[in-house]
Amino acid sequence: MASPIAHACLGVISLATITPLKCWTRKQSVFWWIMLFAILGCLPDIDYIFGLALTGNMKTFHFKETHSLLFASILALILSTIWQRHGHQKVWFMGLSAFIAIASHVLSDWFTGPSFGLHPSWGINAFWPLTSSPIQMPVTIFPGIKFKNFSGIFDFVNLKTVMVEFVIFIPISAWLVWWRLRQPGSLLHMNESKQTTYTKSDQ
Ligand SMILES: [Zn+2]
């Protein structure tokens with residue numbers, strides 16, 4: 001896997017670029033939408049918890065069912081149904097955003113391997129249940145987090161991967177959120193318009 005930093009940021013990038021205006025008009029709801037999409041971006045790695053709880057080995061179910069496009073579709077459908085029951089508008093649009101946030105995890109893990117370069121990635125079960133064996137990509141874009149046990153996660157080589165992802169993905173996602181908030185009708189745009197109106201009325 002890429003680290004949770006890259007996955008969470010890709011979820012937030014999906015939110016900033018795809019979701020409808022209603023997610024961006026109130027300060028509190030913007031915060032919760034960002035949290036939700038960061039979680040959706042990391043969600044397929046829930047297989048670590050299942051593996052640890054059911055077999056004592058974090059990797060037992062890793063890169064399998066939860067790293068498939070079917071899993072992303074089912075989750076998006078469930079969320080769409082919940083949003084519809086809560087009276088949300090443009091539910092299909094929201095569902096598509098959720099699907100892309102989860103699918104961004106599948107796609108980035110698909111391009112994850114031992115190190116960056118022109119060699120095959122580790123491979124995931126992206127098309128489960130149509131195929132049961134991992135499908136590899138011919139290139140690796142994301143160096144994976146390597147560990148044999150839980151404490152191995154914190155090895156220096158993994159911390160270096162996390163730092164690189166932090167430097168690349170945090171500024172991109174923060175800028176996109178800021179850009180989205182300044183689009184017509186969004187929170188910062190409304191605040192700026194109000195300030196302009198006040199300033200003009202003061203003159
Ligand atoms: Zn993953």
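1. Basis. The model is predicted, and local features need pLDDT of at least 70, side-chain atom pairs count only at pLDDT 80 or more, while totals for chains, interfaces and linings use all residues. Residues are numbered from 1 along each chain as its sequence is written.

2. Overall make-up. The protein has seven helices and two strands, where helices (H or I, at least four residues) and strands (E, at least two) are DSSP runs numbered from the N terminus. Along the sequence they follow the pattern α-α-α-α-α-β-β-α-α, and the C-alpha trace spans about 65 × 40 × 30 Å along its principal axes.

3. Of the 203 residues, 33% count as buried; a residue is buried if 20 or more other C-beta atoms lie within 10 Å of its own, exposed if 12 or fewer, and partly exposed in between, with C-beta atoms placed from the backbone. Among contacts (C-beta atoms, placed from the backbone, within 7 Å) with a separation of 6 or more, 61% join residues 24 or more positions apart.

4. Leaving aside neighbours within four places in sequence, Ile102 is in contact with Leu40, Leu43, Pro44, Ala72, Leu75 and Ala76.

5. H2 against H5. The axes of H2 and H5, which are lines fitted to C-alpha atoms over the stretch in contact, with angles running from 0 to 180 degrees between N-to-C directions, come within 7 Å and cross at roughly 40°. The two helices are therefore oblique to each other, since angles under 35 degrees count as roughly parallel, over 145 as roughly antiparallel, 65 to 115 as roughly perpendicular and the rest as oblique. The contact is made by Phe37, Leu40, Gly41 and Cys42 of H2 and Ala98, Ala101, Ile102, Ser104 and His105 of H5.

6. A loop residue. Phe154 lies in the loop between strand E2 (142–143) and helix H6 (156–181), and Phe154 is exposed because 10 other C-beta atoms lie within 10 Å. Phe154 and Pro44 are 110 residues apart in sequence and 21 Å apart in space, C-alpha to C-alpha.

Terms used:
Contact = placed C-beta atoms within 7 Å.
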